[in-house]
Amino acid sequence: MRDPGRKSLAQLENLCKQLYETTDTTTRLQAEKALVEFTNSPDCLSKCQLLLERGSVHFFHKLKLFLHLMLVSRTNNPLPLEQRIDIRNYVLNYLATRPKLATFVTQALIQLYARITKLGWFDCQKDDYVFRNAITDVTRFLQDSVEYCIIGVTILSQLTNEINQADTTHPLTKHRKIASSFRDSSLFDIFTLSCNLLKQASGKNLNLNDESQHGLLMQLLKLTHNCLNFDFIGTSTDESSDDLCTVQIPTSWRSAFLDSSTLQLFFDLYHSIPPSFSPLVLSCLVQIASVRRSLFNNAERAKFLSHLVDGVKRILENPQSLSDPNNYHEFCRLLARLKSNYQLGELVKVENYPEVIRLIANFTVTSLQHWEFAPNSVHYLLSLWQRLAASVPYVKATEPHMLETYTPEVTKAYITSRLESVHIILSRDGLEDPLEDTGLVQQQLDQLSTIGRCEYEKTCALLVQLFDQSAQSYQELLQSASASPMDIAVQEGKLTWLVYIIGAVIGGRVSFASTDEQDAMDGELVCRVLQLMNLTDSRLAQAGNEKLELAMLSFFEQFRKIYIGDQVQKSSKLYRRLSEVLGLNDETMVLSVFIGKIITNLKYWGRCEPITSKTLQLLNDLSIGYPFLSWLLVKLSAVQFMLNNHTSEHFSFLGINNQSNLTDMRCRTTFYTALGRLLMVDLGEDEDQYEQFMLPLTAAFEAVAQMFSTNSFNEQEAKRTLVGLVRDLRGIAFAFNAKTSFMMLFEWIYPSYMPILQRAIELWYHDPACTTPVLKLMAELVHNRSQRLQFDVSSPNGILLFRETSKMITMYGNRILTLGEVPKDQVYALKLKGISICFSMLKAALSGSYVNFGVFRLYGDDALDNALQTFIKLLLSIPHSDLLDYPKLSQSYYSLLEVLTQDHMNFIASLEPHVIMYILSSISEGLTALDTMVCTGCCSCLDHIVTYLFKQLSRSTKKRTTPLTQESDRFLHIMQQHPEMIQQMLSTVLNIIIFEDCRNQWSMSRPLLGLILLNEKYFSDLRNSIVNSQPPEKQQAMHLCFENLMEGIERNLLTKNRDRFTQNLSAFRREVNDSMKNSTYGVNSNDMMS
């Protein structure tokens, strides 16, 4: 008979094959689910070890490691401490006896060691922190052969990386506490060990042909980089903004950075090792160059900077390795850090500054000229020069900064290299055009705007010369019958770059540093662009260039920001020059040019989404301007034309194009927002003017109503008409933020057209391209923006509007729940986005202060109850993890819950126990969310719930004639049955206030008093636990902190008592932080971070 153990191992082997080798997603998910279930079986550990001992196939190792990672990471039922210690020791012994394992197996075993060490960081056995002996654990590896040494270094590297990374399965509070303790107790020792091993390696003659020595060097550099890249103060910085980062090295590390040999070690390594390793060395140097300024005094900083600049100079003098793109990229980052962390006044005092700035300028010019090589690295070079140029007005040092010499060279190199790139890109296939990446172009132009304003006369002279050459060539080519399309395309490409750059340098104007002469130069540039615009617009009927048009819009946006507005002197030399050359005598005439361009673009480029959306954004920005600007705009005949002729006949993007997606209609909302603002300038109470404006939308609504009234209609046409219409209406509703105009809109849409919106939701609930615009329109209509929803005393409109809201939420909610299982990658688009909008809609209606919700129950109207019950159904269909994984859903849910707990607590109290526990769990998880708005909202919800509980408990203990309501009684009973939920939240709030960088301390303080008064015994135990976890000499001080916290606090939740507690809490937090600063003791994780 076959051994059943072997059979089960064979089944696991098959599952593992499916998990790691199959390409079918469904099969892989099923295998993963089966393996997760296996981790909960009692014999899981023994089978894992059996697999590792008996298994001869690689995926046995993978399976074992997968299961172990699941075991040590699970939060609900963690393994006993003894078993985790056994696993840790087993892994170390396994690695120590098998140095020739496959690389991925070694890596996975090390990952397991790192994970189990991190999660057991605060676990004690006989007063010993058993998982804090990492350096001791790896000593035996470091004292052996190179292969073993690599394993030891990799263990430390993986452990540092693991502790630095937060994971979603454990509270962020626990991660931060572990990371802080690791930083204080072990990280510097690991960094020192790594540097010493690097010194030993560089001191010996490395055999660069020996792969094992290569591997050791690589792992040592990774370990050093992980140490320097550690999140020292829990800021969780976004890697995309790393060029602005300061490395918050602890003060205890000062000695390592005051010793110049540390810095010298990495510069020496760069020059002595193969280029394939150099990027890691340079990455370490980038971090070292970014250490916080306050680590040094002025003299120490000057000395450190001098060594740093000398090292950079040496690399620039021997640039051979920079031909490697990775080296080049990291070196550009290093150069950027020179100015992000040090002041120009400090740099100019460095002994070799004149030579270094010359070398950097030459390097930058050469880099810009080779534009196709590592284009993503140019950002760092430009950021260096941008910061240098921006510092010029503020530098007080007597030493020359020489930027007036080198900045124009950098500006010229950028401009000429972009122009030269045009012909090369057009004549060669496969080359990427930088102009295709508008985000990257805009980023570089923002940097150039500051660089170009330094020595602006030279920049302007160069731009005028180049523009005149290209514009003249372009004009000659257009007039020539034999001109080749390639030559025309080249000139258009050059002019595109020049228009972008002119817009950027005009946008770089700083009012306090600008002179009349510079304004006159701006005038010269603006005149040329407007003359070019006249030329290109005259040809749009035959041909147009999309990139050139986008550049024009970028130019107009910069021009608007700087020279259109009430703060601009109309006597500016720029306006004088426009008057002389183009006859534009005042701001009204300049605005007419803007509006003329907008109408031209909408007429000829209506089918080009990028140009249409940017054109409409420009119109929108103009409409937001100060009141006098809006008044000037409305007086223009072109604006009156738009207000009277907003139809597809004149603006093609308003048409129903069967080729485009429904989502392409988003720009219509922007268009109608701008038109709505402009209409309001002169609208007043003129209903005739309003109805005239709404005629095209009335016709569209009637068309949809006609379609819905027949049994068979063209569904696609109906969808497109309706989606376009509701997007238009949402723009108008957003713009109408005054009571008079909004009432006109409300009376136009209700009751005539509301049934059409309800019918659309009923028909197409499963199609978010239709439902999302309809739901968003409804959410806008119920939003009491600027108190516009103020109905007369005798008007039932507030209640009628809420009935429609309730009807739509109920209809959508009940139908969307019939979708069944939705794939994870589509769940937000198909389901959660619509639910999120419904939550926002309900929140806006409940908090709008235009409905008395008491009348619904009084008169037997179920609109409120239907909406709230639908909210509960929708909420229970969402897993807890999704509530926090999707930011928009988080914000809409928690803001709605805040309103419900504040004004409708009786409804919350009447819910079933499992629903109440779900809501409380979501609040508990939200308290530790990274989004401060979510966290603050949760504090407010918790405060309302705790206050309600406290009041009901107080009433139940008093002899009153009025008994508690049934809902209150049930709610009290549920809370008494499950005290652990409220206790957990008390623990969480206290933990955040004591141990974390609490950014919303006032919000946290409000529910805390109620939590303490409801759980006095638990709070007492918690306090004792925290006090006892401190070193003996600090326990008395910690005890006194808690005594002071409750000093003068009465057993009530009156405002005066709360305010006193909030003041006490501020003092408590300061005192506790002072007390714990020098303490490396940790609070028991079971008490404070479960």
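Buried means under 20% relative accessible area, exposed over 50%, and partly exposed in between, with a 1.4 Å probe and protein chains only. By that scale S849 is exposed, at a relative accessible area of 67%. This is a predicted model: local features need pLDDT of at least 70, side-chain atom pairs count only at pLDDT 80 or more, and totals for chains, interfaces and linings use all residues. Residues are numbered from 1 along each chain as its sequence is written, and side-chain values use heavy atoms, with hydrogens and water left out.

- S849 is not a glycine, yet its phi is positive, at about 60°.
- S849 sits in the loop between α37 (827-846) and α38 (854-858); helices here are DSSP runs (H or I, at least four residues), numbered from the N terminus.
- E455 is another non-glycine residue with a positive phi, near 55°.
- The loop between α20 (438-453) and α21 (456-479) holds E455.
- E455 counts as partly exposed, at 28% relative accessibility.

**Cis peptide bond**
- Y750 and P751 are joined by a cis peptide bond, with omega about 5°.
- P751 lies in the loop between α33 (739-749) and α34 (754-764).

- Q369 belongs to helix α17 (residues 353-369).
- Q369 is partly exposed, with a relative accessible area of 44%.
- From C-alpha to C-alpha, Q369 and T416 are 8.1 Å apart in space. In sequence, Q369 and T416 are 47 residues apart.

Conventions: Helix = DSSP H or I, 4+ residues; strand = E, 2+ residues; numbered from the N terminus.
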